[in-house]
Amino acid sequence: MSVSNRVLLVEGEGDKEFIQRLICTLKLDIKIMPETPRDICNTQSDGIDVLRTRALPFVLDRIRTENITHLGIIIDADSSNDGYGFEKRRKQITDILIARGYEIPAFTANINQGEIFPTNKEDWPPIGLWIMPTHSTDGMLEDLLLDNLENSTQQSLLNKVDAAIRDLGDLQAFKETHLSKARLSTLLSWQKKPGMSAGKAYQAKVFDTNPKTSTIIPFTAWLTRVFQ
């Protein structure tokens, strides 16, 4: 099975590494190579804006010439307080797909399900879209992980992280919309191996990897549907 014609477009290197380690840890029966905007079109930076304005159109142009058979997109919803959020991020991506002939239904709140958009264009693949954290709420990958801790010890650590952040007061330099990033970074800095990446922390079972209890399983189910 070729990996080059199975594209999973993500915002940046952290997302790429996390997805790779997630697939490995859970032994998902899918073969993909996540790609960032830098990987795909040699941009100088990654991120949602480069993904939607350059990388995604570039991939869509490659569908026929490079026989792309599967395509998925993972982005962060970010915050409505910053003028983004789930609804706006979904529209930013789906407007691009509509212009290419994809059928985009009105969104219904099937929380944690993700979406796969069909097309009537011959030889064009369906396109999957997942907007972190739950494909219905504002936030980012960090929120999904923080809601998916492995045990009470990790939850106790997170409680102490939250207390430390509250005590910062005027010393808090990060924006409130980056709170989840600060919480996760601090939590990971307090592990046995301080400062590990989210992907390595997932493999180290800082987060719940049990398919019967993990809140991340709906995401992996979507990932499997897109690339099965």
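Predicted model: local features only at pLDDT ≥ 70, side-chain atom pairs only at ≥ 80, totals over all residues.
Me: OK, at what angle do α3 and α4 pack?
Reply: About 20°, with the axes of α3 (residues 48-65) and α4 (residues 86-99) 11 Å apart. Axes here are lines fitted to C-alpha atoms, for helices over the stretch in contact, and angles run from 0 to 180 degrees between N-to-C directions. Helices are DSSP runs (H or I, at least four residues), numbered from the N terminus.

Me: So why are they called roughly parallel?
Reply: Because angles under 35 degrees count as roughly parallel, α3 and α4 are therefore roughly parallel to each other.

Me: Which residues of α3 and α4 make the contact?
Reply: Among them are Leu-51, Leu-56 and Leu-60 of α3 and Ile-93 and Ile-96 of α4; contact means heavy atoms within 4.5 Å.

Me: And how do α1 and α9 cross?
Reply: At roughly 95°, with the axes of α1 (residues 13-26) and α9 (residues 217-227) coming within 12 Å. That makes α1 roughly perpendicular to α9, a term for 65 to 115 degrees.

Me: New topic: which residues line the largest cavity?
Reply: Val-10, Asp-15, Phe-18, Ile-19, Ile-74, Met-132 and Leu-141. On a 1 Å grid over the protein atoms alone, a cavity is a set of points where a 1.4 Å probe fits but cannot get out, and lining residues have an atom within 4 Å of a point.

Me: Which element gives the largest share of that lining?
Reply: α1, with three residues.

Notes. Residues numbered from 1 in each chain as written. Heavy atoms only, no water. Helix = DSSP H or I, 4+ residues; strand = E, 2+ residues; numbered from the N terminus. Parallel < 35°, antiparallel > 145°, perpendicular 65-115°, else oblique. 1 Å grid on protein atoms, 1.4 Å probe; cavity = no way out; pocket = protein on both sides within 12 Å on 5 of 7 lines; lining within 4 Å.
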